[in-house]
Amino acid sequence: MSVFDRLTGQGAVVSSLEAAVRGEGMTHAWLFTGPPGSGRSIAARAFAAALLCPDGGCGECASCHQADATTHPNLVVVQPAGLSISVDEARRVVRTAALAATGGRTHVVVVEDADRLTEQAANAWLKAIEEPEPGCVFLLCAPSPEDLPPTVRSRCRLVTLRLPTADDVADLLRRSGVPSDLAAWAAAAAQGHVGRARALATDEEARAQREQALRIPARLATVGEALHAAADLVGLAEGEADRRTKEVAAAETEALSDAVGKGRGTAGLYSDLAKKQRSRETRARRDSLDRALVDLAAWYRDVLTVQLGARTPLVNADQSDALRIAADDAAPESTMRRIEAVLACREAIAANVTPLLAVERLTLALRAG
Ligand SMILES: [Zn+2]
């Protein structure tokens with residue numbers, strides 16, 4: 001067993017990381033890149049565990065278990081709470097890392113979504129990366145090297161992950177105990193996205209949300225129906241996101257209250273926390289809605305595949321009857337316009353357009369065809 005077992009379809013990357021753990025080509029700053037779902041943060045965390053493990057990442061010792069649970073004293077994982085990582089947060093982590101690495105102990109900092117660093121925060125990291133404490137290792141994750149300022153990326157060794165195939169992902173799910181058929185279905189539906197496949201295989205709510213998205217094409221008979229479908233999709237995405245964030249937020253507020261009470265001078269702390277929580281909630285809602293839109297885009301791509309008689313495997317192979325009906329019902333040009341409308345909606349939401357407004361515009365465009 002090895003901490004790298006959790007990666008799938010990344011043979012070359014795993015060999016080079018294993019070599020680095022043995023000291024070959026080791027350096028103190030790494031940048032893990034790859035498309036969403038390729039497992040950037042999974043790879044960075046596995047590498048962190050391997051660097052901290054006395055056995056090079058056995059996956060079984062106390063150190064590996066602590067690294068897995070993010071409770072290892074010499075591991076910090078920075079997850080952007082909101083839409084960007086603040087400079088305060090970056091400075092705090094850099095300080096902690098410098099302290100922890102005294103005496104030459106290995107201390108690993110993983111920064112997930114480093115593309116969400118503000119410019120100032122990126123500069124705080126840059127300083128740490130330029131003049132590292134001995135023993136400090138920084139693992140940054142971002143979709144592509146261009147997502148980071150050139151000054152930062154030029155100091156990092158690049159690790160490029162590829163999107164695993166559906167077979168790779170299905171294998172991985174099976175290895176973690178998911179029944180074979182469910183694993184194959186989830187891997188195909190998730191289109192190579194490892195985290196999404198795992199959610200679809202194990203989480204009833206993720207499956208319900210996907211079904212809702214795929215029902216949209218059948219709910220466009222009237223303008224009223226199209227607007228209802230939009231409201232339902234946004235509502236479900238927000239509900240799913242809120243359930244995930246509210247629990248964490250309540251625990252955070254309670255922890256703060258235990259630590260500082262409610263006395264004079266604590267109001268600022270509570271309002272800072274509330275601000276951070278609101279920002280995280282907004283991001284979770286947007287991410288959740290985006291996943292639904294990815295599912296919807298895949299549906300229309302499947303329709304186009306059927307219309308063109310292409311041999312590409314279908315993402316929604318389990319719904320081939322419905323796809324065939326939809327394919328007979330429209331011209332390929334119209335399907336392409338619909339795919340473009342879904343992509344435009346994703347872009348609008350990423351650019352801060354009110355989600356309901358963007359999705360209403362989408363369902364009306366889908367209805368027009
Ligand atoms: Zn170990």
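This is a predicted model: local features need pLDDT of at least 70, side-chain atom pairs count only at pLDDT 80 or more; totals for chains, interfaces and linings use all residues.
Trainee: In what order do the 5 strands of the open sheet stand?
Mentor: The pairing in this open sheet is parallel. Strand 2 (75-78) and strand 5 (157-160) each have a single partner strand, so they stand at the edges and one side of each is left without a neighbour in the sheet. From one strand to the next the twist averages 15°. Read across the sheet, the order is 2-3-4-1-5.

Trainee: Which residue in strand 3 is the bridge partner of Val 78?
Mentor: Strand 2 pairs with strand 3 (residues 107-111) in the parallel sense, and the pairing runs over 4 bridges. Within strand 3, the partner of Val 78 is Val 111.

Trainee: What angle does helix 4 make with the direction of strand 3?
Mentor: Helix 4 (residues 87-100) packs on the sheet, where it touches strand 2, strand 3 and strand 4. Helix 2 (residues 40-52) also packs on the sheet, and its direction makes about 165° with that of strand 4. For helix 4 and strand 3, the angle is about 160°.

Trainee: At which residue does helix 11 bend?
Mentor: Helix 11 (residues 223-260) has 38 residues, which at 1.5 Å a residue should span 56 Å, and its end C-alpha atoms, 53 Å apart, agree with that. Its buried residues, among them Leu 233, Val 234 and Asp 242, pack against helix 10 (204-215), helix 12 (267-308) and helix 15 (355-368). The bend is about 25°, and the residue is Asp 242.

Trainee: Is Arg 196 buried or exposed?
Mentor: Arg 196 lies in helix 9 (residues 194-202). Leaving aside residues up to four places away in sequence, Arg 196 touches Ala 190, Ala 206, Arg 210, Arg 291 and Asp 295. Its relative accessibility is 8%, under the 20% cut-off, and therefore Arg 196 counts as buried.

Trainee: What is the phi of Thr 70, in the loop between helix 3 and strand 2?
Mentor: Most residues other than glycine have a negative phi. Thr 70, in the loop between helix 3 (62-68) and strand 2, counts as partly exposed because its relative accessibility is 32%. Although Thr 70 is not a glycine, its phi is positive, at about 55°.

Trainee: And what value does phi take in Asp 113?
Mentor: Asp 113 is found in the loop between strand 3 and helix 5 (119-130), and at 18% relative accessibility Asp 113 counts as buried. Here too the residue is other than glycine and phi is positive, near 50°.

Key. Residues are numbered from 1 along each chain as its sequence is written. Side-chain values use heavy atoms; hydrogens and water are left out. Two strands pair if DSSP finds at least two bridges between them. Helices (H or I, at least four residues) and strands (E, at least two) are DSSP runs, numbered from the N terminus. Axes are lines fitted to C-alpha atoms, for helices over the stretch in contact, and angles run from 0 to 180 degrees between N-to-C directions. Contact means heavy atoms within 4.5 Å. The expected span of a helix is 1.5 Å times one less than its number of residues. The bend at a residue is the angle between axes fitted to the seven residues ending there and the seven starting there. Buried means under 20% relative accessible area, exposed over 50%, partly exposed in between (1.4 Å probe, protein chains only).
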